[in-house]
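Q: Could you take me through this one? I'd like to start with the open spaces and then move on to the rings.

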Amino acid sequence: MSPQPIPPQVLRLLRHPDSSKVLSMVSTDGYPHSIVLGALIADEDGRICVGEAFMYRSSKYLEECPRAEFLVWMGKDGYSLRADVVGHVTEGPDLDRMNELLGKKGMHASALWVFQSVQVWDESASYTSGDRIQRWTPSAPGS
C-alpha cells in the first residue's frame, strides 16, 4: 500500500497528551495482540514512531509480521491507522526525543519502532464510524 499522510484532525489527536493510544498487531498464533502506548511521535507525512519499552512479545510479533494498527481516541472522537513497519532504530535524535517523552512517565525505550501510515479510518462514536478517510494531501505553502 502507498504511504498516507495523516489528516490534521487525526494528527492533533495522536499528538494530544490526554488521548488514549493502542497499538495492535498479529501474534504468532494468529490472534490480535494489543498494547497501550505511553507515547508516540507522529509526523504529517504519516510516519509514526513508538518507543520499545516493555514490548517483549510485541517486538517479536512485529518482526514476524511487520503490519500494525493504531487506535487513538479521546471522548467520542477516534481514528484507526493501519501502518507498515519501516524501521527499527537503536540510536539517534528520534529515540532521544521519545525517551524525553517516556521519561515523564518513568519509562525508557531501548529502541524505536518506525511505522508508515497506509490507511486512516474514522472510528468515532458517530454516523461516520467505519468510514475510510479520503486521501489527504497537504496544501502547498502559500495556497
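Q: How do the residues lining the second largest pocket divide into nonpolar, polar and charged?
A: They divide into 7 nonpolar, 1 polar and 4 charged (Ala, Val, Leu, Ile, Met, Phe, Trp, Tyr, Cys and Pro count as nonpolar, Asp, Glu, Lys and Arg as charged, the others, Gly among them, as polar). This is a predicted model, in which local features need pLDDT of at least 70 and side-chain atom pairs pLDDT 80 or more, while totals for linings use all residues. Residues are numbered from 1 along each chain, and side-chain values use heavy atoms, without hydrogens or water.

Q: And the largest pocket, what lines that one?
A: The largest pocket has 18 lining residues, with R15, P17, G38, A39 and L101 nearest its centre (a pocket is an open set of points on a 1 Å grid where a 1.4 Å probe fits, with protein on both sides within 12 Å along at least five of seven lines, and lining means an atom within 4 Å of a point). Helix 1 (8-15), strand 1 (20-26), strand 3 (40-42) and helix 3 (93-103) each give two or more residues to that lining, and strand 3 gives the most, with 3 residues. By class, the lining holds 9 nonpolar, 4 polar and 5 charged residues.

Q: Which residues sit closest to the centre of the second largest pocket?
A: Of the 12 residues lining the second largest pocket, R67, A68, E69, R82 and A83 are the closest to its centre. Strand 1, strand 5 (67-74) and strand 6 (77-89) are the elements giving two or more residues there.

Q: Switching topic, how many aromatic pairs are there?
A: The count comes to 1 aromatic pair (ring centres within 6.5 Å; planes under 30 degrees apart are stacked, over 60 edge-to-face, the rest tilted). F70 and F115 form that pair edge-to-face, at 5.1 Å centre to centre with 90° between the planes.

Q: What does the pair tie together?
A: F70 lies in strand 5 and F115 in strand 7 (residues 112-122), so the pair ties together parts 45 residues apart in sequence (strands are DSSP runs of E, at least two residues, and helices of H or I, at least four).

Methods:
Rings of Phe, Tyr and Trp (its six-membered ring) pair if their centres lie within 6.5 Å; planes under 30 degrees apart count as stacked, over 60 as edge-to-face and the rest as tilted.
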